[in-house]
Amino acid sequence: MALVNIASPQDIQRMRVVGKMAAETLMLVGEKLVAGMSTEDIDRLVREDTLRRGAKCAPLHYHGFPKSVCTSINDVVCHGIPAPDAILKDGDIVNVDVTTLYDGYHGDTSATFYVGKPSEGARRVTEVSRKCLDLGIAEVRDGARLGDIGAAIQEYAEANGCSVVRKFVGHGIGKKFHDEPKVSHIGKRGTGVRLRAGMIFTIEPMINLGDYEVDILDDDWTAVTHDGSLSAQFEHTILVTRDGCELLTKRDGPLANSEGLSLLG
Ligand code: MF3
Ligand code: CO
Ligand code: CO
């Protein structure tokens, strides 16, 4: 079994700083998001805000990724590449996945945003994925197992007529962008790595309205649903504590163009 790092107090303090940066950049994206803008515009916004903080965008050149942030529209599951001709239009959903690198540490967080008024299906898959992340987080505490997180997510997604992507998982994070453990978003309770206070990892369920199968496009990055159905995702970077967890990418207010919109007609 692969070893999972236990963060030192100094590691934790630095992860709080970078996690807050990533959260603030993601909130800024929500505030600026509007139909007619391109995902290239989002890329520029994220890059400029990150550099202004004296930080770097971890995705840029990571295993050859060509841009500063991942932008995944509608049936794109993850790793969408920003482009000037990818224009957001009314009714789209778009996941923006920000990973900030500062002082040697990574903070990773994403959200799905509504562009204008969502269809019933877009709202359902987005709200199910938001709830899946919350339910996964609620399982986290010293002594719990990774399988508890996957089970909570899988049970809720499937009970609500959605599916959980298997091909991509959450991950340990810190000095490395992607580290052990692998955090599956499906699972069985009471199985898998036992969580210990000081572990830091992401939970980032990708939820599809249809089947969980994905295809990778010829750019070798963009993952799309095989059946063309909508997909949504939310992600936090999480520290395991004695009696629960600390969200290192917690936001200090609601996300514009995402939270609360589910209640509108
Ligand atoms: N941010 C993604 C994650 O949550 C990883 C993106 S890898 C990239 O793990 F190269 F596409 F940026
Ligand atoms: Co991640
Ligand atoms: Co991410």
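**Metal site**

Select D97 and E235: both are buried (under 20% relative accessible area; over 50% is exposed and in between is partly exposed, with a 1.4 Å probe and protein chains only). The model is predicted, so local features need pLDDT of at least 70 and side-chain atom pairs count only at pLDDT 80 or more, while totals for chains, interfaces and linings use all residues. Residues are numbered from 1 along each chain as its sequence is written, chains are lettered from A and ligands numbered from 1 in the order in which they are written, and side-chain values use heavy atoms, leaving out hydrogens and water.

Next, show the cobalt ion (ligand 3). D97 (OD), D97 (OD), D108 (OD) and E235 (OE) coordinate the ion at 2.1 to 2.4 Å. Donors are N, O and S atoms within 2.8 Å of the metal (3.2 Å for Na, K and Ca); water is not among the atoms, so sites may look incomplete.

Now color by secondary structure: D97 is in strand β4 (residues 93-102) and E235 in the loop between β13 (231-233) and β14 (236-241), so the pair ties together parts 138 residues apart in sequence. Strands (E, at least two residues) are DSSP runs, numbered from the N terminus.

**Cysteines**

Select the cysteines. There are zero disulfides, meaning pairs of cysteine sulfur atoms within 2.5 Å. From the sulfur of C57, the closest cysteine sulfur, in C70, is 11 Å away, too far for a bond. C57 is buried, at 11% relative accessible area.

Methods
Helix = DSSP H or I, 4+ residues; strand = E, 2+ residues; numbered from the N terminus.
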